[in-house]
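Let's take a walk through this structure together. Have the sequence at hand and the model turned to a view you like.

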Amino acid sequence: MIPEEDAMLAQEGRPARMVAAAWRGWAIVRRHRVILFLTMALCVLAGLLFILMATPDYRATASVEVEDVPAGAAGAGATQRPSTPGDTESLMQTQLEVLRSRALAEDVARELALVGSRTFFDGMGHKRPEQGAGSLSQRQVEQETALKLLQDNLDIDLPGKSRVILISFTSANPVLSARVANSYADSLIRADLKRGFESGVQARRFLLGELDGARQDLERAERDMAVYAARVGGVPADAKDDGDAAAPTPQGSVATRLAQLNAFRAQAAAERIAAQKKWESARLSSVDTLPEVLNNGAMQQLMTQRAEARAELVRQRQFRKDDHPEMREARARLAALEDQANAMANTIRASLKEQYDVAIHGEKQIASEIKDLERQAQVERGRDVQIGIMERQVDTFRLLHDSLLQRYRDMASQAGFQAGRIQPLDRAAVPARPSSPHVGSTMLLASLGGLFLGLLLVGLRHIFDDAVTSAETLGERVGLPMLGAVPVTGDRAQPQEIFSPIASSLLLASVEGLPRSILVTSAQEGEGKSLTLNALARALAALGKKVLLVDADMRRPVQHRLFGLVPAIGISEVMTGQARVEDAVIETGVTGLSVLPCAAVPPNPGELLATPALDGLIDHARERFDTVLIDAPPILGLADAPLLAAKAQATVLVVEWGRNHHGGLRVAVERLRRAGGTIIGGILTKQQGRAHDYDYHRDG
């Protein structure tokens, strides 16, 4: 639960930190507002100078429209593949590259006669080449320069996803700008028409070759079909369909004859079956019982005569004997009639056998003819199939030949007047006003640039500058609280009432109250530490404290002069053992304030401060006084202040307002802390203007 609560607290404190960071940023900008405003003013002034000194440029724009398919292109009426966004983008990019190409620039330069034209070079603000370079002649160098100027000052734009191309050219001459822009548009249209014409010529040549090949294929196919038809005796379908009366037409086809023979065979089979039945019946039955015999007229007559002869014989037998001549005659007649009847019956039965044999022979003959016709039909079917294949091949070659011929005629008819893919839209007019420098955008850019540069300078100054002008900057630079600020007073003693709040704050500087020993120093000389220490000692004495002021700045001692004293002995004599502390301490005339001055200046104060005598001096002073204020030399360049800071209980850093611009303050504080000194705060001296602002409602 504790990590979750910490996360929630951190989340809740984030807005407060952001607000605090914003206030700190605003404070930094506010402190350095002079730099910001000055930078912006200089940038705006630079923008004004640029506008006044810049040569005005004029921009002319022409526009063309790019179509998918040329309006009069050959084959435009045919079904076209629908264009995709990728195809459109590729088409537009292709036209842009054509506009940027060297070939188009050469066409423009040739059309406008720019090579050798002083007006062109003057309008472009470029000196005309007067001599060659290397292996190039003067004219070649001039041509290369003109082409480079054309390409560098050409601007091409595609507004949105349209098919319109804006062609712009910029120069110092408005008429030249319009002429070049229009020339680029015209050259692009001409180049497109030229490419279309050349591609049409190539297409016609290709179609002509394909047409010749198709015609040869058609002739070969027709010739092969005619030869085959003549060889097999068939008639091509196109010859039949022509309705030529002179063409021979067969009386009956094989299929018709085959159908007829099949019908005949069925009839012959029926007749053969009927004849077979009659013959079988005649062969197995008595002759007298055959229907053919019974139904025969002559046979019926013979049978009638035989019956009459048999009846006559029976009648004669009743009256006569067998040997009677009439009986013999009757029997002979009857026998003759019976022989005639038998002979006729046998003849009829033989005719039935003959009919049966004839039916069998006829059926076999028809079957044989059918087989022959079937073989002939099979041959004719193969011939018809082959002729059909050849006819289809002929039709295919004829269709291909006709379509190629029609396409060639269309392209040939439109070759001289077909429209191109690029169509003119707007001509470039001579610009009435210059396009650059643009006053509004230039001033806006200068203002924004000045603001950005000013903020950058403010940030860099804040990062790399140690100058302190307020309590906030003191905390930001070296992380020290400010005990107070002192205005500029020159070399005069500081007013005591200014240091009363500072002295009061020192009473709360540690848990025991007023520190027993306080070192007062500065990063560099001339920051007012001695005057500040003198006034601070007086203020503490005014609060009823017994104060000993030790002038440990044995290189440039000034405390005795501030009190108007002329010491005979001082701290150097005490530390070398030549005098006692009691003998060297002088009353200043201020109640509760004594001073241990520096009389003689030792040759090497650093070595003297490093001796144990300093500890004894401070310990002896602590027994008689409430606090000991030590005036130390500056920190930078000397080792005295770090040695003294290690002996003192607390250290107060005196910082001059607006000084230490190059990191000296940070280095000084770091040296004191590495030496073991405890810095309790800083005093800002020589304050100017209203640099130290205090807003109760904001900070309190």
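What follows goes from a sheet to the helices on it, and then to the cores.

Keep in mind that this is a predicted model. Begin with the open sheet, where eight strands line up in the order β5-β12-β11-β6-β10-β7-β9-β8 with mixed pairing. At its edges you will find β5 (482-487) and β8 (586-587), each of which pairs on one side only. Follow β8 to its partner β9 (residues 593-596): the two run antiparallel and are joined over two bridges.

Helix α21 (residues 613-624) touches β6 (517-522), β7 (547-551), β9 and β10 (627-631), and its direction makes about 140° with that of β10. Helix α22 (residues 640-647) packs there too, touching β6, β10 and β11 (650-656), at about 160° to the direction of β6.

Nonpolar side chains in soluble globular proteins tend to be buried together. Here, the largest nonpolar core has 43 residues, and Ile571, Leu596, Ile630, Leu644, Leu653 and Leu665 touch the most other members. Which residues does Ile630 contact, leaving aside its neighbours within four places in sequence? They are Ile518, Leu519, Val520, Leu533, Val550, Ala552, Ile618, Leu644 and Ala648.

Another core, of 38 residues, lies apart from that one and includes Ala60, Val108, Ala146 and Leu150. Ala60 also leads us to Val430: their C-alpha atoms are separated by 6.5 Å, although the two are 370 residues apart along the chain. Val430 sits in the loop between β4 (422-426) and α13 (439-464). Beyond its neighbours within four places in sequence, Val430 contacts Pro174, Val175 and Ala178.

Definitions and conventions: Residues numbered from 1 in each chain as written. Predicted model: local features only at pLDDT ≥ 70, side-chain atom pairs only at ≥ 80, totals over all residues. Heavy atoms only, no water. Pairing = 2+ DSSP bridges. Helix = DSSP H or I, 4+ residues; strand = E, 2+ residues; numbered from the N terminus. Contact = heavy atoms within 4.5 Å. Axes fitted to C-alpha atoms, helices over the stretch in contact; angles between N-to-C directions. Core = buried A, V, L, I, M, F, W, Y, C linked by side-chain atoms within 4.5 Å. Buried < 20%, exposed > 50% of the residue type's maximum accessible area, 1.4 Å probe, protein only.
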